[in-house]
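Trainee: I have a model open and would like to talk it through with you. Could we take it one question at a time?

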Amino acid sequence: MKPEHMGQSFSDFLDELGIREDVEAQAIKEILADRLRVAMHEQGLTKTAMAARMGTSRRALDRLLDPENTSVTLHTMQRAASILGRRLRLELV
């Protein structure tokens, strides 16, 4: 049975507040940062070693792994994924 009175969707709520894009960008970055951390852990890579493999500073890697920093470039994300033997897959839906 379907409820008689159903409220708006969460997406509609975020749209109404004008924050949907920001919330989605934040969620995507949190997932990406977490998956990179897990892959680094699985391979026994420290932040220092990962930064060295990427040819960047540890500070730059910290920005990549910071779930609140959404300004990381696609190139940087792709490079990190490749170093970890992973692929970065984007989808436009």
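Trainee: Leaving aside neighbours within four places in sequence, which residues is Met77 in contact with?
Mentor: Keep in mind that this is a predicted model. Met77 has its place in helix α5. Setting aside residues within four places in sequence, the contacts of Met77 are Leu32, Leu64, Val72 and Leu88.

Trainee: Thanks! Is Met77 buried or exposed?
Mentor: The cut-off for buried is under 20% relative accessible area. Met77 has a relative accessible area of 17%. Met77 therefore counts as buried.

Trainee: How far apart in space are Met77 and Arg20, C-alpha to C-alpha?
Mentor: Along the sequence, Met77 and Arg20 are 57 residues apart. In space, their C-alpha to C-alpha distance is 22 Å.

Trainee: Let's turn to Met54. Which residues is Met54 in contact with, leaving aside neighbours within four places in sequence?
Mentor: Met54 sits in helix α3. Its relative accessibility is 6%, so Met54 counts as buried. Beyond its neighbours within four places, Met54 is in contact with Leu61, Leu64, Thr76, Arg79, Ala80 and Ile83.

Trainee: And how far apart in space are Met54 and Glu68?
Mentor: These two are 14 residues apart in sequence. From C-alpha to C-alpha, Met54 and Glu68 are separated by 21 Å.

Trainee: Is Glu42 buried or exposed?
Mentor: Glu42 has its place in helix α2. The cut-off for exposed is over 50%. Glu42 has 56% relative accessibility, so it counts as exposed.

Trainee: What is the C-alpha to C-alpha distance between Glu42 and Gly85?
Mentor: In sequence, 43 residues separate Glu42 from Gly85. In space, C-alpha to C-alpha, the value is 12 Å.

Trainee: On to the largest pocket. Which element supplies the largest share of its lining?
Mentor: About 800 Å³ of space lies in this pocket. Of the 20 lining residues, Ile28, Leu32, Leu88, Arg89 and Leu90 are the closest to the centre. At least two lining residues come from each of α2 and α5. The largest share, eight residues, is supplied by α2.

Trainee: How many charged residues are in the lining of the largest pocket?
Mentor: Sorted by class, the lining has 13 nonpolar residues and one polar residue. The charged residues number six.

Trainee: Let's step back to the whole protein. What is its radius of gyration?
Mentor: The protein has five helices and zero strands, in the pattern α-α-α-α-α. For 93 residues the globule rule gives 12 Å, and the protein is well over that, so it is more spread out than a compact globule. Its C-alpha atoms fill a box of roughly 55 × 30 × 20 Å along the principal axes. The radius of gyration is 17 Å.

Trainee: One last one: what share of the contacts with a separation of 6 or more comes from residues 24 or more positions apart?
Mentor: As background, 23% of the 93 residues count as buried. Among contacts with a separation of 6 or more, the share from residues 24 or more positions apart is 53%.

Methods. Residues are numbered from 1 along each chain as its sequence is written. This is a predicted model: local features need pLDDT of at least 70, side-chain atom pairs count only at pLDDT 80 or more; totals for chains, interfaces and linings use all residues. Side-chain values use heavy atoms; hydrogens and water are left out. On a 1 Å grid over the protein atoms alone, a cavity is a set of points where a 1.4 Å probe fits but cannot get out, and a pocket is an open set with protein on both sides within 12 Å along at least five of seven lines; lining residues have an atom within 4 Å of a point. Grid points are joined across faces, edges and corners, and a volume is the space filled by probe spheres set on the points. Helices (H or I, at least four residues) and strands (E, at least two) are DSSP runs, numbered from the N terminus. Ala, Val, Leu, Ile, Met, Phe, Trp, Tyr, Cys and Pro count as nonpolar, Asp, Glu, Lys and Arg as charged, and the others, Gly among them, as polar. The radius of gyration is taken over C-alpha atoms; the globule rule is 2.2 Å times the number of residues to the power 0.38. Buried means under 20% relative accessible area, exposed over 50%, partly exposed in between (1.4 Å probe, protein chains only). Contact means heavy atoms within 4.5 Å.
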